[in-house]
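How do helices pack against one another?

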Amino acid sequence: MRKVLAIVLAMGIVLGNLGFSNVKPVQGVEIETDAASAILMDAVSGRILYEKESHKELAPASVTKIMTLLIAADAVAQEKVKLTDTVTASENACKLGGSQIYLEPGETFSLEQMLIAIAVGSANDGCVAVAEHINGTHEAFVEDMNRKAQELGLKNTHFVNAYGLPAEGHYTSAYDLAVISREALKYPLIRKLTSIKEYDLREGKFKLYNTNKLLWWYPGADGLKTGWTNEARYCLASTVERNGLRLICVVMGVPQVRGHFAESMKIYNYGFAKYEFKQFAPAEQKQGVVKVRKGVEDEIVAVTEIALGATVEKGKDKNFWVETKLNPEISAPVEKGQTLGQVLLYQNDQLQATVNLIADHGVARAGLVDQLTRTIKGVFSF
């Protein structure tokens, strides 16, 4: 390949010397990867920064477990289950091979411990135990996984199990995994679980080491999941945050041992060299005031729910402008965090980001006497 590029460059020089000044050397691709499929995505906007065969349907191996963790985290968020719940291993869970924590029938752990075993130790048996605890059966849990895939608009994903061992009809794509990862990152629990480097089970008698070596090797790496089978080869869905820029990288079908780490780092190096996060307002910054009707207070401050900014190519951060849309007034009661409007970020005429404006505190509804007193004061002051 290098010889070919050298020849092309030499031809460009010769042609230029002969007067063909409009002939330019062919530009090489910015990045190459040994992965069969890969993608680099901006976690905030979902914008694709790099891709290679990103919609190709492939076996995901244990990267499947990101969806398993997503369904579990959602069940916790909805208070369907609690992290302190006792999860009992069934005979069905204990039959699985591959990576596992060697559950015995009737053995118990808290739900949180089981989720750590999945996130850190890639425990197949833990996946089935958690699935049965949340949905009653492993099959019903997998139905929820596929339902969630449909809700996320995934076109190249179908799950047959919650753990990722090879099975007919079990597949996804690098793009779909990036979307699943982006959704998973909305749950602090998942980032917490997948960032744990090591963990002691069974009172220290069983040690778990996170299979995602980027947590040690790559600054800013703090989550998600590896996978490997003979069919899938080496796979990794990961996330890295630096200076406000959070990226998601997925590589699938990497042939070399530890190649999924090397290829991911190569892609991240490209991303962080080329892009940056430009912030226009931090989280919880005041953006305006809204009048409150029939409240114990007359007005409330609207603040940004999260930081307002956009991922931009370095050197191309001009022509940004902000539009604020704020309700002029609202009726009490107002809850802290209630949406009061939005702030929109544009570059030229292209919308780059939208952030909710929320109430910085709650305002209770005033009693009848307080409302009458306020009305009377208003009349006399007039």
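An axis here is a line fitted to the C-alpha atoms of a helix over the stretch in contact, and angles between N-to-C directions run from 0 to 180 degrees. Two packed helices are described by the angle between their axes and the distance between the axes. Keep in mind that this is a predicted model.

Start with helix α2, residues 65-77, and helix α7, residues 174-184. Their axes come within 10 Å and cross at roughly 30°. Angles under 35 degrees count as roughly parallel. That makes α2 roughly parallel to α7. The crossing of this pair, α2 and α7, is left-handed. Which residues of α2 and α7 make the contact? From α2 come Ile66, Met67 and Leu70. From α7 come Ile180, Ser181, Glu183 and Ala184. Sorted by class, the contact of α2 with α7 has 5 nonpolar residues, 1 polar and 1 charged.

Now turn to another partner of α2. Helix α4 spans residues 111-121. The axes of α2 and α4 lie 10 Å apart, and the packing angle is about 160°. Angles over 145 degrees count as roughly antiparallel. Therefore α2 and α4 are roughly antiparallel to each other. The crossing of α2 with α4 is left-handed. On the α2 side, Lys65, Leu69, Ala72 and Val76 make the contact. How does the contact of α2 with α4 divide by class, and how many residues are nonpolar, polar or charged? There are 7 nonpolar residues, no polar ones and 1 charged.

Technical notes
Residues are numbered from 1 along each chain as its sequence is written. This is a predicted model: local features need pLDDT of at least 70, side-chain atom pairs count only at pLDDT 80 or more; totals for chains, interfaces and linings use all residues. Side-chain values use heavy atoms; hydrogens and water are left out. Helices (H or I, at least four residues) and strands (E, at least two) are DSSP runs, numbered from the N terminus. Angles under 35 degrees count as roughly parallel, over 145 as roughly antiparallel, 65 to 115 as roughly perpendicular and the rest as oblique. A crossing is left-handed if the near helix is turned anticlockwise from the far one by less than a right angle, and right-handed if clockwise. Contact means heavy atoms within 4.5 Å. Ala, Val, Leu, Ile, Met, Phe, Trp, Tyr, Cys and Pro count as nonpolar, Asp, Glu, Lys and Arg as charged, and the others, Gly among them, as polar.
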